[in-house]
Amino acid sequence: MNGSAANQSAKDWQNKVKAYEQDIHQLAEEKDLLERQFRQAQTERNELQQELNVLTREWFELTSIGNRSLLF
């Protein structure tokens with residue numbers, strides 16, 4: 001390999017490394033975004049589960065009151 005071919009090969013490798021570094025950076029940003037979205041979805045799920053628990057408890061209380069009044 002002559003000098004100019006070696007220089008071109010080195011430049012090619014540098015460009016590939018730069019491109020891979022950019023890909024890694026982009027993937028890290030996407031990973032961070034997905035982790036934030038996942039945590040937000042977990043929080044929303046937990047809030048909805050709490051709301052469902054409250055509504056279920058209220059429904060049981062109302063139906064048990066209704067059933068007791070039918071007995072008397």
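The points below go from the overall fold and surface to individual side-chain contacts.

1. Please keep in mind throughout that this is a predicted model. Its secondary structure amounts to one helix and zero strands, and helix 1 covers residues 3–71 in a chain of 72 residues.

2. On burial, 0% of the 72 residues count as buried. The accessible surface of the chain is about 6900 Å², and carbon and sulfur atoms account for 58% of that area.

3. Which aromatic rings pair, and in what geometry? A search of the whole structure returns one aromatic pair. The ring centres of Trp59 and Phe60 lie 5.0 Å apart with their planes at 70°, and because an angle over 60 degrees is the criterion for edge-to-face, the pair is classed as edge-to-face.

4. The two partners of this pair fall on either side of a class boundary in accessibility, which deserves a careful reading. Trp59 has a relative accessibility of 51% and therefore counts as exposed, the cut-off being over 50%, whereas Phe60, with a relative accessible area of 49%, is partly exposed.

5. A further contact involves a charge and a ring: the charged end of Lys16 is placed over the ring of Trp13, at 5.0 Å from the ring centre.

6. The search of the whole structure also finds one salt bridge, formed between the side chains of Glu35 and Lys31 with an N to O distance of 2.9 Å. Because Glu35 and Lys31 are four residues apart in helix 1, about one helical turn separates them.

How values were computed:
Residues are numbered from 1 along each chain as its sequence is written. This is a predicted model: local features need pLDDT of at least 70, side-chain atom pairs count only at pLDDT 80 or more; totals for chains, interfaces and linings use all residues. Side-chain values use heavy atoms; hydrogens and water are left out. Helices (H or I, at least four residues) and strands (E, at least two) are DSSP runs, numbered from the N terminus. Buried means under 20% relative accessible area, exposed over 50%, partly exposed in between (1.4 Å probe, protein chains only). Accessible areas come from the Shrake-Rupley method with a 1.4 Å probe; for residues, only the protein chains shown count as cover. Rings of Phe, Tyr and Trp (its six-membered ring) pair if their centres lie within 6.5 Å; planes under 30 degrees apart count as stacked, over 60 as edge-to-face and the rest as tilted. A charge sits over a ring if NZ of Lys or CZ of Arg is within 6 Å of the ring centre and within 35 degrees of the ring normal. A salt bridge is a side-chain nitrogen of Lys or Arg within 4 Å of a carboxyl oxygen of Asp or Glu.
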